[in-house]
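Hi,

Here is the structure I promised to pass on. My notes follow below it; have a look when you get a moment.

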Amino acid sequence: MDRSSPVPLYFQLAQQLETAIERGRLSPGSLLGNEIELAGRLGLSRPTVRQAIQSLVDKGLLVRRRGIGTQVVHSQVRRPLELSSLYDDLEAAGQRPATQLLRYEKEEATAEVAAALAVAEGAQVRRVERLRLTHGEPMAFLRNHLPGDLLQGERGEELESTGLYRLMRGLGVTLHSARQSVGARAATAEEAKLLGEEAGAPLLTMARTTFDDTGRPVEYASHLYRASRYSFEFQLLVRS
């Protein structure tokens, strides 16, 4: 702790704890001990420690549990807005992704899906629904529609151990670009139950149409993310 710095001590402590959580030095489930012990160990006042801990509780990185103490929970996933797989991004961040395959079947394309995939309404498309988890905790509900000829045979089991984009690349599909929109809405009762939230909790929405290197649409995605555990990051450039 730099006591000569104009940065408040509580903020310095909060930053150090947040960095330790994000880098895995403080793993989910770790206990920080009580405020008196922590203050004594760090040579800080109890109000300073309390303020630092509260700031991380407000961010969702720590939780106070009666009879247990202050405990580390999973850090929020921050995902850059680029053409990448959630599975690959979580794996790269050390988040230990897991997948529950909910649906993997052929169906007739609705008008919305047909327009996105540039196929005739009623044409056969592949519908894939998955629940993406990290550390055993639900993170996102993923619904994807693919051209009917893209995934030949029964490839559903593979999607429980790898990402869709990784599987597509393994089949020779070259992903080139995507058109994407991000929004937010309240969770329905069914969505809340699936994602471990309360009904009406805020969810981030993402709709994406992905194209291969020939310009053919190869995926239409409609995803829901827990706002409490997930955020998108933008990089903005100043246009002169």
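This is a predicted model: local features need pLDDT of at least 70, side-chain atom pairs count only at pLDDT 80 or more; totals for chains, interfaces and linings use all residues.

**Helix α2 and its surroundings**

In helix α2, which spans residues 35–42, the buried residues are Glu35, Leu38 and Ala39 (buried is under 20% relative accessible area, exposed over 50%, partly exposed in between, with a 1.4 Å probe and protein chains only). Looking down the axis of α2, the buried residues fall within an arc of 100°, so they line one face of the helix; the arc is taken over the directions from the helix axis to the C-beta atoms. Ile36, Gly40 and Arg41 are exposed on the other side of α2.

Residues are numbered from 1 along each chain as its sequence is written, and side-chain values use heavy atoms, with hydrogens and water left out.

What do the buried residues of α2 pack against? They pack against α3 (46–58) and β1 (62–65), with contact meaning heavy atoms within 4.5 Å. Helices (H or I, at least four residues) and strands (E, at least two) are DSSP runs, numbered from the N terminus. Just after α2, Gly43 has a positive phi of about 70°.

β1 pairs with β2 (residues 69–72) in the antiparallel sense over four bridges; pairing needs at least two DSSP bridges between the strands. Leu62 sits opposite Val72 in β2. Three residues lie between the strands of this hairpin, where Gly67 takes a positive phi near 85°.

Cheers
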